Amino acid sequence: MRGYQQASYPEPLLIELKEKGVGYELPRWDGVREIVELVPERLIRRSPLQIPNVSEPEVARHFFRLSQMNHCVEAGFYPLGSCTMKYNPKLGERLTTTPHLRGMHPLQPEDSVQGLLSILYELQRYLAEIGGMDEVTLQPAAGAHGEFTGMLMVRKYFEVRGEGRDEVIIPDSAHGTNPASAAMAGFKVVEIPSNGRGEVDLKALEAALSERTAAFMITNPNTLGKFEEDILEISDMVHDAGAILYYDGANLNAIMGWARPGDMGFDIMHFNLHKTFATPHGGGGPGSGPVGVKRFLKEYLPVPIVVKEGERYRLEWNLKHTIGKVRAYTGNVAVALRAWAYIRVMGREGLKTASALATLNSNYLRHLLEGILPDPYPGLKKHEFVLSSSRDGSRGEAREIAKALLDFGLHPPTVYFPLIVDEALMIEPTETEPKEEIERFAEVLRRIVKEMAPAERGRAPERTAAGRVDEVLAAKRLLLTWHDIEEGKA
Ligand SMILES: *Cc1c(COP(=O)(O)O)cnc(C)c1O
């Protein structure tokens, strides 16, 4: 079996590689005096710049070696459930780095950015069409930020109506950001249990709904990869109670082009462009979490939104009940551009095919893993599925499997989420993986679970740049710059 071999690092910091000096000497320029006169006195440098004294090839090699210390979707399989780690087409990168788009400034007059505004407008319309919504804002910077934006709109909506609704109901299978966003927006979170099928328990929902309910937040397919079969009934129940139905649309990858949250009765939803729409995730950002709403909530959207009048595009700042701004300008435009390109290139049929293949890949992999790890909620899944690695109530099994996978050049699936599955492995292969790679993953997982001795697994990973790290320490003692290392905090 093909293994994964990385060179022996760690790679030193540039500052450790070479003494400080001036890495590159700019040619003298006669205009420099005029520029210097424009710079305030206190900002003018008095001593030479102290940067590592490295040449261009040394810099290139350094960053190339660093790139090899990490896993990325270009390096191998990346089945991180609920994250939709699909391949990011290079076309999007090329588009956003064209000098014309790169050189734009958000404060340019609208007349001079009509092309860009038309793209943003089109993206708003495409997302509205895909989600079955009426209006869309591109402002939120990520999925959780979209949820928070949605929750602020829910709060304002009931404030304007003079209704003191202060509770948001959330199922126990929800993504952790859902209760966090609701709580941040000032709501009390009411959690309800799932039923035996891993779907919303209608009796529990019935019992939780009241005149205090502002919203019910769910994702469909849910985090177990199951489609909520009772969604229309759920929608009626929530609306009969006078509440708003919120759709967590981070992962639209199973239903895009096939079913629309708006048609299921959802009033607000967010999209994760950095998941479903193939834009990079990049170390926690930049992302983009546009929010779509039904018409009755349009006036609550953050401003500005892009509107079209005749042949002209402009920013609309005037929405009667707007919650204000949630992000500078019109959001992460470079991310929006990539998603626009993706949607344009794929087209309606392409998006449908992507969803169909994502679902097929997920069910094929689930089928290959039958008999290797138990599925506590069996049956057909959508874009992802969750297996339990718990053996007789043992603890730590999911972590051991995840670590062992690393030595095969495979990114582990999401582990320990959703919380309702013991020792969960949440697997999402996405549509861009070939059949052979899915089969290889299943074979590696079989070997790890069925053949590898616990002691052998305990040593993994041995072929990665770093072995087992102290995850708690890493989160608690952040070393974010080389200053921290110079100061001996490491
Ligand atoms: C990823 C995800 C989110 C949060 O999105 P971020 O962009 O990471 O903030 C919310 N809900 C679900 C179901 C997700 O998978």
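1. Basis. The model is predicted, so local features need pLDDT of at least 70 and side-chain atom pairs count only at pLDDT 80 or more, while totals for chains, interfaces and linings use all residues. Residues are numbered from 1 along each chain as its sequence is written, and side-chain values use heavy atoms, leaving out hydrogens and water.

2. Nonpolar cores. A nonpolar core is a set of buried Ala, Val, Leu, Ile, Met, Phe, Trp, Tyr and Cys residues joined through side-chain atoms within 4.5 Å; buried means under 20% relative accessible area, exposed over 50%, and partly exposed in between (1.4 Å probe, protein chains only). The largest core has 57 residues, and among the members touching the most others are Leu 123, Phe 216 and Ile 234. Helix H12 (residues 333-368) gives this core its largest share, ten residues; helices are DSSP runs of H or I, at least four residues, numbered from the N terminus. A second, separate core holds 29 residues, including Leu 152 and Phe 158.

3. Cysteines. The whole structure contains zero disulfides, a disulfide being a pair of cysteine sulfur atoms within 2.5 Å. The sulfur of Cys 72 has its closest cysteine sulfur in Cys 83, 15 Å away, and is therefore too far for a bond. Cys 72 is partly exposed at 29% relative accessibility, and Cys 83 is partly exposed at 21%.

4. Thr 98. This residue lies in the loop between helix H4 (90-96) and helix H5 (99-102). Thr 98 is partly exposed, with a relative accessible area of 30%. Its side chain reaches the backbone oxygen of Leu 95 at 2.9 Å.

Definitions and conventions
Helix = DSSP H or I, 4+ residues; strand = E, 2+ residues; numbered from the N terminus. Polar contact = N/O pair within 3.5 Å; in protein donor to acceptor, adjacent residues only side chain to side chain.
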